[in-house]
Amino acid sequence: MPTTDVNLADRPGTLVESHKGYDPRIVFFYFIIAALLAILVGGLAWEQLHLIASHSERERQQNQRRILFPGPRGNIYDRDGTLLVGNAPHWTAVLHIDELRAELRREYSRIEKNYKATTGDKKEMPSERDLAQIARVSVAQHYLDLVNVITGRDLKIDAGALQDHFSHALLLPFTLAEGLSDADYARLVEHLPVNSPVEVYPAVSRYYPFGSAATHTLGYVRADIDVDSENFPGADLRGQFKMKGTRGKDGLEKWFDAELQGEPGGRIYLVDPAGFRVKKPLEERAPKQGRNLVTSLDIDLQLAAEAAVGDQNGAVVALDVATGEVLALASKPDYDLNAWYPRMPVAAYKAIQERNAEFNRALNGTYSPGSTFKILVSIAGLRSNRINPADTSIDCEGTVRIGNRNFGCDNGLAHHGALTLSEAIAQSCDIYFYERGIDVSPDIIAAEAHRFHLDEPTGIELPGETHRMLIPTRAWKKEKYGQSWTDGDTANMAIGQGFVDVTPLQMACFAASVARGETWTKPTLLHDPKRTPQHTEPIGLTSEQQAIILAGMKGVVTRGTAAKFFASPGNAIPGVQIAGKTGTAQRAVYQDGKFVGNINFAWFICFAPADKPEIAVAAMVEGDTPGENYAGGIYGAGVANAVLKKYFEKKAHPAQVFVSPLKKS
């Protein structure tokens, strides 16, 4: 049957399937996919090309570690160049943890096998973390035992310290034993294998050649981990490690800590994912020693002052009259500064506390100045014209009635009789100053004390100077006790007792100021051979008035309250005339609210030579012997005189001056 071609298009109603190269309904998605691919490619290109520096920086921060090493502290010298504080070398045995990875893995496996063999129960097995810790302690103790055998010690690993080291300071060597002697070092070097992970390296600790001398002035340091360096790179690295340094905690060590601190050195290492270093340092810089400090102290005068006080409680301050430089600043009792390293035993520190040996009596002790205050009352009376220096109308017969009570004259004699001002100073007559003090008035006396800055800290370069000194006024008593001021208060104030409280340092500044004829001496502990003399507000006395006070202070030594001491063989200083003033004050002592007795403060302030002053000294010694109302002329004068003798002895044989490389503004 013949085939006939049929055209379906000619048949109405017939469906026709059409095949095209694209479907217009999905073209839109082509553009979306293309855009996404473009964004992906662009993003990859951006990450690989534009952000490569940022990625490298993050990789650097994650894979590098910075270690800082503190620089040695600067030395401290006295004015003649004698070393007061230095750095003494010692040896420390350390373990380099990063050399023990293979050994730690083996020890871990061994301990794990032993547990499995003995327990046979996985539930009783320590955790992986505990096994790792046991392995670390075992390996570290193995090397410490080696050090123990060689040095004759019996040290044990502190598991907590070792764990903390692994967690936070893996790149640093772990300390096994410190404070090793030269002999220990020699034995370790001889017996340790060449490739041992144990290293004995030199370190330094603060060293005080004179032990307890100037304890409270020099101060001490303690360990400090806050070592930092602005000049060494890598401050932005995530891994930061610091070797222990030191920080000044008291005295000059604290006040000048920034100058004494050395410049830290450092290293930067590349580390693997476990935190172990993989090669030599990428960068390394050696630490530098801090700046040296030359103080105004004279160690010979310092030792003389401390020896004179001995086992008593007391304080001594000696100043250069012209410049205010502190030649000696002593407080007793004291303690050996070397005892702080490497750490002070608990028993030793307890003994220091029991003796109150940390207390700086020269700087922070406030005491009634006793009759030394009569010099200030004399100045106030002369300036105000309330005291006629030639008037002898006051006749001391031993007691005087003031208000509703009798006031005695604690002079060691029955009576003084009629005295001029100069003789009243020499004999330290209380009756004279009771009555003249009332004539002068407490307001004028307090104002004069304020002019001499006896109501405020001196500003010396030491931390923690007290603010508890007190020059009382009428308003102060009213506010403090709600009571009015009385003539009895004035009488006590006139002889440096009652409410008056000052420090030995202030009284030394007062003595130096009187010696110069001025009202203020700014003390300093820094030596400068080119320092110019101080000049402050003049006292305001005529030359005749100054001569009267000076004559009285000379008389204290030659015929007055200190004459007995200076008349004894060997106490006088040949060719040197001293102007001084004794003082003995008392303070009641209470325990549990009950009176148990009095404590005496024996004072002596002075300057010499009297007519051309060079050195001023204030000495205060505590005592509790009953009836020692005349102690200032014995104990106080004896201590001050020891300093003066050493000063003039050295003046005859001057030492070479050491030039200070450091000044503090």
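This is a predicted model: local features need pLDDT of at least 70, side-chain atom pairs count only at pLDDT 80 or more; totals for chains, interfaces and linings use all residues.
Residues are numbered from 1 along each chain as its sequence is written, and side-chain values use heavy atoms, with hydrogens and water left out.

Me: Which strands stand at the edges of the open sheet?
Reply: Five strands form the sheet in the order β13-β12-β20-β19-β18, with antiparallel pairing, where strands are DSSP runs of E of at least two residues, numbered from the N terminus, and two strands pair if DSSP finds at least two bridges between them. Each edge strand has a single partner, so one side of each is left without a neighbour in the sheet; these strands are β13 (326-332) and β18 (579-591).

Me: How far from E465 is the nearest side chain of opposite charge?
Reply: E465 is buried, meaning under 20% relative accessible area with a 1.4 Å probe, protein chains only. Glu counts as negative and Lys as positive, and a salt bridge needs a side-chain nitrogen of Lys or Arg within 4 Å of a carboxyl oxygen of Asp or Glu. E465 has no salt bridge, and the nearest side chain of opposite charge, K522, lies at a distance of 7.6 Å.

Me: Which residue's backbone nitrogen does the side chain of E465 reach?
Reply: E465 is found in the loop between α16 (442-451) and α17 (474-481). The side chain of E465 reaches, at 2.8 Å, the backbone nitrogen of T458.

How values were computed: Helices (H or I, at least four residues) and strands (E, at least two) are DSSP runs, numbered from the N terminus. Buried means under 20% relative accessible area, exposed over 50%, partly exposed in between (1.4 Å probe, protein chains only). A polar contact is a pair of N or O atoms within 3.5 Å; within protein, one must be able to donate a hydrogen and the other to accept it, and residues adjacent in sequence count only if both atoms are side-chain atoms.
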